[in-house]
Amino acid sequence: CNMENDVILQFRRQLLLIDENLVTEDVAALKFLCTDLLPFRKLEGVKSALDIFQLLMAEEYLNEEETFLLAELLYRIKCHSLLKKLGYTKENVQECLHEKGRVSPYRQMLYELSENITNEMLKDIVLLLQNCLPKRRITLLCEERAKCSALELLILLEKQGLINENNVQILEQVCMNVSPDLLETVNCYKMEKVSIDPHLPNVQFNQEALGFSHFVSFCSQCLCLRERMLCHYKNVHCLTLEASKYSLPHRYTGVHTANLGFSGLGGCAFFLSFLQKMASYKMDGPHRGFCLVINNVNFDKTLQERKGSYKDAGELERVFTWLGLDVRTYTDLTSLQIIQLMETWQQLQDHKERDCFICCILSHGESGAIYGKDGELVSIRTIMSHFTVKQCPQLAEKPKLFFIQACQGKQIQCPVYVEADARIPDLSSMQHSISPFESIPEEADFLLGMATIDGYVSFRHIQQGAWYIQALCSKLQLLVPRGEDILSILTEVNEDVSRRVDRLGTKKQMPQPAYTLRRKFIFPIPKDPPPS
């Protein structure tokens with residue numbers, strides 16, 4: 001009896017720990033995912049995750065012996081680091097979803113939509129639906145609020161009887177007008193329903209009507225959904241992620257088709273496992289990879305000292321070491337030394353045993369180029385081209401990430417504490433504007449994270465470091481433990497930096513990523529807590 005009480009007590013402690021690590025947005029997501037499992041009237045009174053746990057226990061979905069539903073919910077909302085508190089890993093949950101998953105494909109599809117609906121999209125959607133919804137609710141939904149407003153909109157559509165498991169027509173119409181990417185999520189759900197029950201009405205597809213480019217993106221989206229929907233694919237021509245929505249248009253479009261015919265749940269499980277592996281880069285090798293940090297602080301000519309850059313370099317070293325990379329830092333390199341360093345690293349045979357390669361460069365810069373210590377420019381494209389398949393076959397099909405903290409324009413430095421990473425004199429003889437996409441080599445598996453868009457300065461606090469680098473390090477530490485991919489993380493970095501201003505409130509900055517990644521790039525979750 002005492003042992004049984006100890007088990008129950010330990011279980012309650014686990015729930016408390018999980019509750020303490022969930023924020024308001026997570027609770028809203030849990031409520032939404034439980035809508036088909038719990039009475040809606042009771043869910044309306046939920047204030048915390050513990051309230052949801054209590055309801056699940058009351059309905060006998062959750063107890064000290066059966067915790068998989070909670071593990072599934074945490075997995076669905078990407079709180080992967082909390083799974084270990086229940087004794088699960090992300091891989092454990094993925095393997096069991098097709099047998100034990102309780103969240104319906106319909107509910108998963110709606111949640112996927114909510115995750116991709118921005119505040120601007122939400123306003124557009126509400127405007128389109130204003131004649132279908134109660135005016136008092138429209139007023140609330142139009143306010144500037146958190147991402148959960150999208151969930152509230154979807155719940156409202158369900159309450160009004162405008163959408164249900166077998167009727168998503170209004171979602172299609174809205175998505176068609178607001179964002180084709182959203183429409184892909186709905187189309188994929190419909191395809192899943194056809195594969196389960198081909199006799200369902202109003203769920204037919206016309207590949208030619210979709211157009212080839214949309215069909216490529218649509219099928220790729222289905223791959224990205226991975227294990228979320230239990231399906232039975234028969235003779236469906238699916239496209240691998242070489243041409244997924246994560247790739248740059250017109251840059252790398254090698255499409256590979258495969259006739260994938262499976263029958264029965266065993267075949268479905270095999271197919272889902274295949275999709276999981278295809279959806280992201282392999283990151284389970286014996287060594288994660290090398291990370292180079294080039295930190296140019298002092299310059300020989302008219303370029304000013306980059307005060308605060310040592311803080312950035314130290315932060316990058318701590319964060320990427322935490323992520324499992326072997327970090328090497330180089331300070332104050334000339335343009336020739338930068339090229340020579342790239343030539344040295346491109347020849348390294350050890351890349352074969354590693355999952356990826358990362359290079360961070362902190363310096364002054366101009367459009368499409370960075371300065372060496374000697375005041376001479378090196379083009380970013382030249383730097384990255386050292387690691388193409390031809391130049392560095394050891395890194396073939398492996399992700400290569402470059403992060404550049406440097407101005408891409410000629411504006412004068414900002415006063416007092418915020419400086420611009422650019423040459424101060426007004427140079428009239430600079431080269432023409434170069435976009436980040438022109439800097440990337442003409443092949444797959446590259447990502448270039450620029451601190452600013454072309455033609456503009458990037459800012460650096462002389463004590464706290466560069467806005468972009470500090471945001472990048474902060475978001476990596478926050479979102480890697482949640483299982484987010486690098487593009488999602490860089491989107492959050494954009495949001496962070498775009499909200500920053502100098503102390504006078506007159507200077508802003510917007511980073512810009514460019515990439516030819518074919519798959520999702522997801523860092524494995526480190527065992528140790530973040531360094532800061």
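**Rings and a helix pair**

Mentor: F320, F403, F521 and F523 are linked into a cluster by ring pairs. Keep in mind that this is a predicted model.

Trainee: How many aromatic pairs does the structure hold?

Mentor: There are 10 aromatic pairs. One of them is Y106 with Y189, a tilted pair at 6.1 Å centre to centre, with 50 degrees between the planes.

Trainee: Which helices do Y106 and Y189 lie in?

Mentor: Y106 is in helix α7 (residues 105-116) and Y189 in helix α12 (residues 180-196), so the pair ties together parts 83 residues apart in sequence.

Trainee: Are Y106 and Y189 buried or exposed?

Mentor: Both Y106 and Y189 are buried. F387 and F402 also form a tilted pair, 5.9 Å centre to centre and with 50 degrees between the planes. F387 sits in the loop between α18 and β9, while F402 is in strand β9, 15 residues apart.

Trainee: What is the relative accessible area of F387?

Mentor: F387 has 0% and is buried. F402 is buried too, at 1%.

Trainee: Now the helices. At what angle do α16 and α20 cross?

Mentor: Roughly 20 degrees, and their axes come within 10 Å. That angle is under 35 degrees, so α16 counts as roughly parallel to α20. The crossing is left-handed.

Trainee: Which residues of α16 meet α20?

Mentor: K311, D312, E315, L316, V319, F320 and W322 do, and on the α20 side they meet I469, Q470, L472, C473, L476 and Q477.

Methods: Residues are numbered from 1 along each chain as its sequence is written. This is a predicted model: local features need pLDDT of at least 70, side-chain atom pairs count only at pLDDT 80 or more; totals for chains, interfaces and linings use all residues. Side-chain values use heavy atoms; hydrogens and water are left out. Axes are lines fitted to C-alpha atoms, for helices over the stretch in contact, and angles run from 0 to 180 degrees between N-to-C directions. Helices (H or I, at least four residues) and strands (E, at least two) are DSSP runs, numbered from the N terminus. Angles under 35 degrees count as roughly parallel, over 145 as roughly antiparallel, 65 to 115 as roughly perpendicular and the rest as oblique. A crossing is left-handed if the near helix is turned anticlockwise from the far one by less than a right angle, and right-handed if clockwise. Contact means heavy atoms within 4.5 Å. Rings of Phe, Tyr and Trp (its six-membered ring) pair if their centres lie within 6.5 Å; planes under 30 degrees apart count as stacked, over 60 as edge-to-face and the rest as tilted. Buried means under 20% relative accessible area, exposed over 50%, partly exposed in between (1.4 Å probe, protein chains only).
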